[in-house]
Amino acid sequence: MNTLAVELANHSYPIHVGEGLLSDADLYSPYIGPGGVLVVTNETIGPLYLDKVLGALDGVRVESVALPDGESFKTFATLNRIFDVLIEHRFGRDVTIIALGGGVVGDVAGFAAACYQRGVNYIQIPTTLLAQVDSSVGGKTAINHPGGKNMIGAFHQPVCVISDSETLTTLDDRELRCGVAETIKYGLIRDPDFFDWMET
């Protein structure tokens with residue numbers, strides 16, 4: 001496992017990258033308080049990886065919600081599904097939300113964390129390469145509006161990012177290419193040596 005640090009003036013957090021991390025209880029425990037956990041995933045990712053995350057949270061109060069899969073569901077209605085579960089189960093400000101999925105899940109769950117009771121902790125577990133190298137880092141959270149993409153949102157940094165490379169084995173070629181293209185872009189923007197390494 002490799003760990004990188006995002007160093008911000010008022011909030012820093014680790015990014016753990018490696019294989020088999022979903023089941024590592026020690027990665028979650030520093031960020032789980034007495035208020036328990038809500039795992040937000042979607043109908044595609046949940047059947048693949050939710051049980052591993054729940055196993056790592058053994059002994060913790062946990063609820064989960066599976067959202068519909070796809071960019072078209074990055075809406076107020078989907079956001080409200082998360083709030084409904086949080087309120088129904090009487091979660092307080094000490095809840096930790098875990099976003100288990102690609103960029104849509106991360107954006108919607110992160111926005112829910114930014115809004116619920118004026119802000120709660122959340123952990124990003126990106127399961128696509130694009131989400132691992134882009135949307136899971138930096139605290140950009142949002143939902144779409146009929147007038148534009150990502151028009152309603154907030155900057156709300158995660159407390160931790162867990163990037164498990166095993167989740168990439170279930171991606172199709174198109175999803176992998178999207179992530180690789182984003183990675184190449186970073187080399188073009190600011191790191192010629194990295195771009196040369198990617199080209200090789």
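# Legends for the close-up views

**View A. Arginine 90 is exposed, with a relative accessible area of 73%.** Here, exposed means over 50% relative accessible area, buried means under 20%, and partly exposed is anything in between, using a 1.4 Å probe and protein chains only. You will find arginine 90 in the loop between helix H3 (76-88) and strand E5 (96-101). Helices (H or I, at least four residues) and strands (E, at least two) are DSSP runs, numbered from the N terminus. Although arginine 90 is not a glycine, its phi is positive, at about 55 degrees. Before moving on, please note that this is a predicted model, in which local features need pLDDT of at least 70 and side-chain atom pairs count only at pLDDT 80 or more, while totals for chains, interfaces and linings use all residues. Residues are numbered from 1 along each chain as its sequence is written, and side-chain values use heavy atoms, with hydrogens and water left out.

**View B. The protein chain as a whole has seven helices and nine strands.** The radius of gyration is 16 Å, close to the 16 Å that the globule rule gives for 200 residues, so the protein chain is as compact as a globular protein of that length. That radius is taken over C-alpha atoms, and the rule is 2.2 Å times the number of residues to the power 0.38. The C-alpha trace spans about 50 × 40 × 35 Å along its principal axes. Of the 200 residues, 46% are buried. The accessible surface comes to about 10,200 Å², and 53% of that belongs to carbon and sulfur atoms; such areas come from the Shrake-Rupley method with a 1.4 Å probe, and for residues only the protein chains shown count as cover. Look at contacts, meaning heavy atoms within 4.5 Å: among those between residues at least 6 apart in sequence, 74% join residues at least 24 apart.

**View C. Helix H4 (residues 103-115) is largely enclosed by the rest of the structure, because ten of its 13 residues are buried.** The buried residues are Val105, Gly106, Asp107, Val108, Ala109, Gly110, Phe111, Ala112, Ala113 and Ala114. How far apart are the end C-alpha atoms of H4? They are 18 Å apart, which agrees with the 18 Å that 13 residues should span at 1.5 Å a residue. The expected span is 1.5 Å times one less than the number of residues in a helix. Just after H4 comes glutamine 117, with a positive phi of about 50 degrees. Glutamine 117 sits in the loop between H4 and strand E6 (121-126) and counts as partly exposed, at 34% relative accessibility.

**View D. Serine 163 is buried, with a relative accessible area of 3%.** Which residues does serine 163 touch, not counting residues up to four places away in sequence? They are His16, Val17, Gly18, Leu21, Pro126 and Gln132.

**View E. Threonine 128 lies in the loop between E6 and helix H5 (129-135).** Threonine 128 counts as buried, with 12% relative accessibility. Leaving aside residues up to four places away in sequence, threonine 128 touches Gly102, Gly103, Leu168, Leu171 and Glu175.

**View F. Leucine 130 belongs to helix H5.** At 30% relative accessibility, leucine 130 counts as partly exposed. Among residues beyond four places away in sequence, leucine 130 touches Ser135, Cys178, Gly179 and Glu182. Leucine 130 and valine 39 are 20 Å apart in space, C-alpha to C-alpha, and 91 residues apart in sequence.

**View G. Aspartate 24 lies in the loop between strand E2 (13-18) and helix H1 (25-28).** This aspartate is partly exposed, at 27% relative accessibility. Aspartate 24 and isoleucine 162 are 138 residues apart along the chain, and their C-alpha atoms are separated by 9.9 Å.

**View H. Aspartate 51 has its place in helix H2 (residues 46-56).** Is aspartate 51 buried or exposed? Aspartate 51 is exposed, with a relative accessible area of 65%. From its C-alpha atom to that of leucine 22 the separation is 9.5 Å, and the pair is 29 residues apart along the chain.
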